[in-house]
Amino acid sequence: MSTTDKTVIDARPKRQATAKNIAEMKGTTPIVCLTAYITPMAARLDKHCDLLLVGDSVGMVLYGMESTLGVDLETMIRHGRAVCRGAKQALVVIDMPFGTYEESKEQAFRNAARALSETGAGAVKLEGGLEMAETVKFLSNRGIPVLGHVGLMPQSVHAHGGYAARGRSEDEWQPIINDAKAIADAGAFAVVLEGVAEPLAREVTASVPCPVIGIGASNACDGQILVTEDMLGLFAINPKFVKRFAEIGRDIEGAIEGYSREVRSRAFPGEEHTYKMRKVSG
Ligand code: KIV
């Protein structure tokens, strides 16, 4: 191959990652994941991330809901489409909202198929351990890649009585390890592990053959995911596991305060923002 040929091949856009690509990253490089709900954000995150999750956290982050339970499939599909328009390289995963997959594996397939076919995303995520293993197998065997989610499961907030971290005493470990193993054995390409103590995260990561993506689950996992708006500092509440990489909330307030001051003082719009009349020739 000549140098020119190589240059042409290297200049081609990178292919969009698949669930299989993510699964193959176990034990190689740490997997970088973030949430995204809208096109411009997805476009900015895309080249830095391996996976973009259209999380049902959209209900709390964009719509001000108290929990994720009120999010419906139509909302996930609308935001899924928006994210797919912005993502060219990262795998896009759609979160299955509460009530759209738990009833039966057939219900799960019907709704997961809509989530993929109506958005262009490459996988779905669903919460649950042992009790969801049959469903994960059903979907995986029928061409729907599944990202599992065990440990702290926000859709079970009422059953668990809150969002407290799990596995902080050893007697809580075994059910979570069993959940992760069941979902991995059922064919999940990766599993999100949320809100658990580090030794348990280490144990789960060593126990399953697929990548474990941690959120509030220490550095012992194969990859990390955060809600983008959390790590950008858009919210006043800052959970222990979130590192703020920016203070966008503070910057937005500063910008709005400047805008309001300049509108009131008539400093904005200035000459440079103002259309002039066209010169009429002749
Ligand atoms: O909905 C979501 O954003 C999630 C991640 C935080 C894992 O489930």
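A residue counts as buried when its relative accessible area is under 20%, as exposed when that area is over 50%, and as partly exposed in between, with a 1.4 Å probe and protein chains only. By this rule Gly120 is exposed, because its relative accessibility is 58%. The structure is a predicted model, in which local features need pLDDT of at least 70 and side-chain atom pairs count only at pLDDT 80 or more, while totals for chains, interfaces and linings use all residues. Residues are numbered from 1 along each chain as its sequence is written, and side-chain values use heavy atoms, with hydrogens and water left out.

The chain has 282 residues, and buried residues make up 46% of them. Its C-alpha atoms fill a box of roughly 85 × 60 × 35 Å, taken along the principal axes. Twelve helices and eight strands are found in the chain; helices (H or I, at least four residues) and strands (E, at least two) are DSSP runs, numbered from the N terminus.

Around the ligand are Thr35, Leu53, Gly55, Asp56, Ser57, Asp95, Lys125, His149, Ile215 and Val227; a residue is near a molecule if one of its heavy atoms lies within 4 Å of it. By class, this shell has three nonpolar, four polar and three charged residues. Ala, Val, Leu, Ile, Met, Phe, Trp, Tyr, Cys and Pro count as nonpolar, Asp, Glu, Lys and Arg as charged, and the others, Gly among them, as polar.

Several side chains of the shell can be followed to oxygen atoms of the ligand. A polar side-chain atom of Asp56 lies 2.9 Å from a ligand oxygen atom. For Asp95, the distance from a polar side-chain atom to an oxygen atom of the ligand is 3.1 Å, and for Lys125 it is 3.0 Å. Taken alone, the ligand exposes 260 Å², of which the protein buries 95%. Accessible areas come from the Shrake-Rupley method with a 1.4 Å probe, and for residues only the protein chains shown count as cover.

Asp222 takes the reader to the loop between β7 (212-215) and β8 (223-226). Its side chain and that of Lys26 are joined by a polar contact of 3.0 Å. A polar contact is a pair of N or O atoms within 3.5 Å; within protein, one must be able to donate a hydrogen and the other to accept it, and residues adjacent in sequence count only if both atoms are side-chain atoms. A polar atom of the Asp222 side chain also lies 2.7 Å from the backbone nitrogen of Val212. Asp222 counts as buried because its relative accessible area is 13%.

Ser218 is also in the loop between β7 and β8. Its phi is near 70°, a positive value in a residue other than glycine. Ser218 is partly exposed, because its relative accessibility is 23%. Arg266, in the segment after α12, is likewise not a glycine and has a positive phi of about 65°. Arg266 counts as exposed because its relative accessibility is 73%. Pro269 lies in the segment after α12 (248-264), and the peptide bond from Phe268 to Pro269 is cis, with omega near -5°.

Strand β6 (residues 190-194) contains Ala190, which is buried because its relative accessibility is 0%. Val192 is in strand β6 too, and is buried because its relative accessible area is 3%. Met96, in the loop between β3 (91-95) and α6, is buried because its relative accessibility is 0%. Gly120 lies in the loop between α6 (105-117) and β4 (123-125).

Val192 and Met60 are 132 residues apart along the chain, with 19 Å between their C-alpha atoms.
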